[in-house]
Amino acid sequence: MTITLDQARTIVDAALEHGTAQGFNPLTVAVLDPGGALVALGRQDGSGNLRPDIAVAKAWGVLGMGMTNRAIAARAADSPEFFTSVAALAGGRILSVPGGVFVRDADGTLLGAVGVTGDASLNDEAAAVAGIAAAGLVAQTGAED
């Protein structure tokens, strides 16, 4: 089971709309399937040219580590050497800040992940959650724990 292109497009559009409605800085949203392949990406006018890479890294990192950004941040704080090594192995595609969110169906099946960047990390995460909800799916950020 994986996220569909229609679901990914809904997530991107709704996340960007959320950011605009909230007055966030221009956002970039990436949706990845469970294997880390890019399904959809949207970048608002004015979003920096590194933002697509950052959005993908936020989503790819949670998928690659199998843990939320909050859990990754805790590991990085507890063991900076480990995080540095993992970041090197991942080719830099892992970040320890909010904005990478797991996407699950109602039964809890992993469908992929969303990465959002452009504003404060918690705002990025809020846009991801709004996009996922708009697609009728379930967001897992780690804040639920």
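**Ground rules.** I number residues from 1 along each chain as its sequence is written, and my side-chain values use heavy atoms, with hydrogens and water left out. As the model is predicted, local features need pLDDT of at least 70 and side-chain atom pairs count only at pLDDT 80 or more, while totals for chains, interfaces and linings use all residues.

**The sheet.** I started with the strands; helices (H or I, at least four residues) and strands (E, at least two) are DSSP runs, numbered from the N terminus. Two strands pair if DSSP finds at least two bridges between them. I found an open sheet of five strands in the order E2-E1-E4-E3-E5, with antiparallel pairing. Strand E2 (38–43) and E5 stand at its edges with a single partner strand each, so one side of each has no neighbour in the sheet. From one strand to the next, the twist averages 20°.

**Strand E3.** Is E3 buried or exposed? I count a residue as buried under 20% relative accessible area, exposed over 50%, and partly exposed in between (1.4 Å probe, protein chains only). Four of the five residues of E3 (residues 100–104) are buried, so the rest of the structure largely encloses this strand. Five bridges join E3 to the antiparallel strand E4 (residues 110–117), and I see valine 101 opposite valine 114 there. The hairpin of E3 and E4 has five residues between the strands, and in it glycine 108 takes a positive phi near 95°. E3 also pairs with strand E5 (residues 138–140), antiparallel over three bridges, with phenylalanine 102 opposite glutamine 140.

**E1 with E4.** This pair is antiparallel too, over five bridges. Valine 29 stands opposite valine 116 in E4.

**Cores.** A nonpolar core here is a set of buried Ala, Val, Leu, Ile, Met, Phe, Trp, Tyr and Cys residues joined through side-chain atoms within 4.5 Å. The largest has 22 residues, of which Ile11, Val114, Ile132 and Leu137 touch the most other members. Helix H1 (5–22), strand E1 (28–32), E3, E4 and helix H5 (121–134) are the elements that give two or more residues to this core. H1 gives the most, with five residues. What does isoleucine 11 touch? Taking contact as heavy atoms within 4.5 Å, and not counting residues up to four places away in sequence, I get Ile3, Val31, Val114, Gly131, Ile132, Ala135 and Leu137. There is also a second, separate core of 17 residues, including Ala30, Val62, Met67 and Phe83.

**Helix H2.** The buried residues of H2 (residues 51–65) include Pro52, Val56, Lys58 and Leu63. Their cover includes E1, E2, helix H3 (69–78), E3, E4 and H5.

**Helix H5.** Which residues of H5 are buried? They are Asp124, Glu125, Ala127, Ala128, Gly131 and Ile132. These cover an arc of only 160° around the axis, which puts them on the same side of H5; the arc is that of the directions from the helix axis to the C-beta atoms. On the other side, Leu122 and Ala133 are exposed. The buried residues pack against H1, H2, H3, E3, E4 and E5. After H5 I noted glycine 136, whose phi is positive, near 75°.

Notes:
Axes fitted to C-alpha atoms, helices over the stretch in contact; angles between N-to-C directions. Expected span 1.5 Å × (residues − 1).
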